[in-house]
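Student: Please take me through the terms used to describe this structure, and set each value against its definition.

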Amino acid sequence: MAENPSDLVVETYKLTKIYQNRQIALNDVTLRIEPGCVLGLLGPNGAGKTTFLRLVLGLHRPTAGWVKVFGKKMTPNAADVRRRIGYIPTNPQFPRGMSPIGYLDYMARLFGLPADVRKPRLASLIRAVDLLAVSGDPIAGFSNGMTARLAVATSLINEPELLIWDEPTHGLDPEARRSMLELIKTLGREKTLVVSSHNLGDIDEVCNHAAVLSRGQLIYCGSLQDLKGRMRRNHYELELEGDQKAIGKAAQAIKGFSEFKSVNVRQRRLELRMSDEAANTSALANVFMTLSDNKVTVVSIRSVGQQTEQAFLDLVEKEESRGFARAYQSGEAA
Amino acid sequence: MDTPAPVKRARVRRWLPYWAVFQADLRQTTRSWVYLVWVLVSVLGAAGYLLYRVGIYHEAGMVQSASQLISDLLRWSVVGSITLIIALAGGCISSERGTMADSVLSRGISRYQYFLAKWHARMVAVLSTFLAMGVVALAGSFMFLHGDLSLTGSLVALATIVTLLAAVTTCGVTVSAIANSTMLGITVLWVLLYGAGFALTLLPAQYPSPDRVLNNLPTTLRGFYDLHALGRLAGWSALASGLIAMVGLGYFARRDI
């Protein structure tokens with residue numbers, strides 16, 4: 001935990017962005033990102049994820065509040081701070097006539113890297129992202145996967161301490177997506193990452209922290225484990241195998257247990273909900289005993305409430321259902 | 001949470017981002033269709049005008065002085081070029097707004113450096129091209145025409161026009177940094193420049209105006225010029241360029257991209 005605020009990688013305070021007095025894109029966002037954190041930025045379309053990232057990069061100026069990156073206030077002219085950041089926008093665009101070598105050289109020069117530093121580095125990166133064979137070809141003919149790899153190389157050319165990747169797996173085929181996630185995991189061991197994504201499975205796999213934005217408000221910021229744990233705890237789904245009558249009989253018996261708030265059977269799926277405080281191990285032990293007594297086999301067991309996607313959806317739903325109460329209890333939300 | 005080890009950062013050259021954008025913009029400008037159209041139209045227009053004058057000489061025996069001919073050439077190439085120079089300068093920043101500018105401005109370059117690099121690159125492209133064309137025209141006229149041209153007068157005339165074009169280019173880049181769309185920027189710039197040009201003609205005679213300077217080109221080319229008045233015009237143009245650029249720089253450094 002960073003004790004000194006200057007040790008934080010990113011710190012925002014009451015960050016608000018209103019576009020031309022017409023659209024509130026971000027509202028009162030206060031968060032801190034510590035070194036080594038791999039933060040997944042979640043939120044539905046229009047939640048303010050890209051606006052948040054653009055404010056952190058200094059591409060936009062806050063209407064109110066501030067952003068500090070590496071302890072320094074981020075402004076459009078804070079080139080020194082941006083030299084420590086690697087960024088991939090949602091749909092990275094490249095000058096179509098340029099080759100990967102020319103483009104990476106241009107980007108490295110934008111970071112002020114002298115030739116003896118940038119030339120070996122760009123060569124290593126082109127090799128690392130497997131673009132060696134096409135390093136002299138125009139980018140215009142590149143596939144989505146190739147441009148994504150070039151974007152990765154671009155974001156690493158300055159050896160940044162903070163990586164900000166906006167939808168890095170967007171538009172990638174499964175193989176390229178898998179490679180990207182593996183790369184994020186590798187980079188996450190030595191760098192601080194902020195990854196925005198619609199794909200909650202990706203966030204679940206590579207991030208250790210999450211921030212959830214909904215309609216411009218930060219409704220959650222903390223560890224991914226907490227996010228998964230705090231929503232719908234003790235909610236399980238069992239897939240069963242056995243006689244349908246036996247399953248029904250077992251379900252009836254389980255309904256009699258006091259630990260369970262609801263027990264539903266849908267064909268061969270048994271959905272169990274306990275109260276948050278209930279001791280799940282002993283209750284589940286009783287369930288397995290009952291199933292065993294009725295000669296029902298368990299094919300799989302899934303903790304529904306522990307899924308990031310469910311937790312995220314619950315959070316957004318809960319936030320929206322608060323209605324006007326948000327105006328008075330905004331402090332509790334995050 | 002594991003805290004990553006501090007990274008040893010490579011040394012940086014502070015003005016390298018400026019040079020990178022400057023060179024990229026210069027290359028991009030000289031390859032753009034607006035630039036190529038400008039050069040082509042200017043060269044063809046000049047050649048056509050010379051043929052017309054030669055035709056008149058052969059058919060009617062009318063001889064036009066070199067100073068008048070070059071003055072006409074410069075005057076019409078300036079008037080004709082303004083619209084294309086406006087298009088060239090007026091879209092330099094606004095046309096790159098969005099993801100393209102993102103990929104540059106999210107790196108280690110300040111808005112000041114980006115604006116200055118764009119401004120200087122467009123100035124170099126426009127002014128050096130105009131100077132090159134002007135020098136070729138002058139050299140040709142010294143060699144082939146019955147000369148009443150003065151070398152110093154010719155250089156002063158070229159320098160005066162270059163000062164005016166510098167102010168026009170600066171206005172273009174500034175409007176481009178302020179406007180949200182290229183078309184809007186070019187329209188505003190066009191109205192602004194032609195409006196300002198007209199307004200300046202209404203000033204009393206002792207004040208220098210672009211129109212008067214262009215009207216006096218034949219005498220300037222013959223070597224009769226008021227260096228003090230032209231110096232004042234150049235000074236005012238430079239001052240106006242500087243102030244306009246400051247406005248553009250200040251605005252661009254604060255705006256959302």
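Tutor: Two residues are in contact if their C-beta atoms, placed from the backbone, lie within 7 Å. This is a predicted model, in which local features need pLDDT of at least 70 and side-chain atom pairs count only at pLDDT 80 or more, whereas totals for chains, interfaces and linings use all residues. Residues are numbered from 1 along each chain as its sequence is written, and chains are lettered from A, with ligands numbered from 1, in the order in which they are written. In chain A, 70% of the contacts between residues at least 6 apart in sequence join residues at least 24 apart.

Student: What is the corresponding percentage among contacts in chain B?

Tutor: For chain B, 87% of the contacts between residues at least 6 apart in sequence join residues at least 24 apart.

Student: What makes up the secondary structure of chain A, and what makes up that of chain B?

Tutor: Elements are DSSP runs numbered from the N terminus: helices (H or I) have at least four residues and strands (E) at least two. By that count chain A has 12 helices and 14 strands, while chain B has 10 helices and zero strands. Along the principal axes, the C-alpha atoms of chain A fill a box of roughly 75 × 50 × 40 Å; for chain B the box is roughly 90 × 35 × 35 Å.

Student: Why is Lys49(A) called buried?

Tutor: A residue is buried if 20 or more other C-beta atoms lie within 10 Å of its own, exposed if 12 or fewer, and partly exposed in between, with C-beta atoms placed from the backbone. Lys49(A) has 26 other C-beta atoms within 10 Å, so Lys49(A) is buried. Lys49(A) lies in helix H1 (residues 49–57) of chain A. Leaving aside neighbours within four places in sequence, Lys49(A) is in contact with Leu41(A), Gly43(A), Ser196(A) and Leu213(A).

Student: What share of the residues of chain A and of chain B count as buried?

Tutor: The share is 43% of the 334 residues of chain A and 40% of the 257 residues of chain B.

Student: How many residues has the largest nonpolar core, and which have the most contacts inside it?

Tutor: A nonpolar core is a set of buried Ala, Val, Leu, Ile, Met, Phe, Trp, Tyr and Cys residues joined through C-beta atoms within 7 Å. The largest has 139 residues, and those with the most contacts inside it are Leu39(A), Val56(A), Val69(A), Ile164(A), Val195(A) and Ala210(A). Not counting residues up to four places away in sequence, Val56(A) touches Val10(A), Val67(A), Val69(A), Met74(A) and Ile164(A). A second, separate core has 13 residues, including Leu238(A) and Val287(A).

Student: Why are H3(A) and H1(B) called oblique to each other?

Tutor: Axes are lines fitted to C-alpha atoms, for helices over the stretch in contact, and angles run from 0 to 180 degrees between N-to-C directions. Angles under 35 degrees count as roughly parallel, over 145 as roughly antiparallel, 65 to 115 as roughly perpendicular and the rest as oblique. H3(A) and helix H1 (residues 16–30) of chain B pack at about 140°, with their axes 7 Å apart. H3(A) and H1(B) are therefore oblique. Tyr106(A), Arg109(A) and Leu110(A) of H3(A) make this contact with Leu16(B), Pro17(B), Ala20(B) and Ala24(B) of H1(B).

Student: What makes H6(B) roughly parallel to H10(B)?

Tutor: Helix H6 (residues 151–178) and helix H10 (residues 227–252) of chain B pack at about 15°, with their axes 9 Å apart. That angle makes H6(B) roughly parallel to H10(B). The residues of their contact divide into 18 nonpolar, seven polar and no charged.

Note on methods. Ala, Val, Leu, Ile, Met, Phe, Trp, Tyr, Cys and Pro count as nonpolar, Asp, Glu, Lys and Arg as charged, and the others, Gly among them, as polar.
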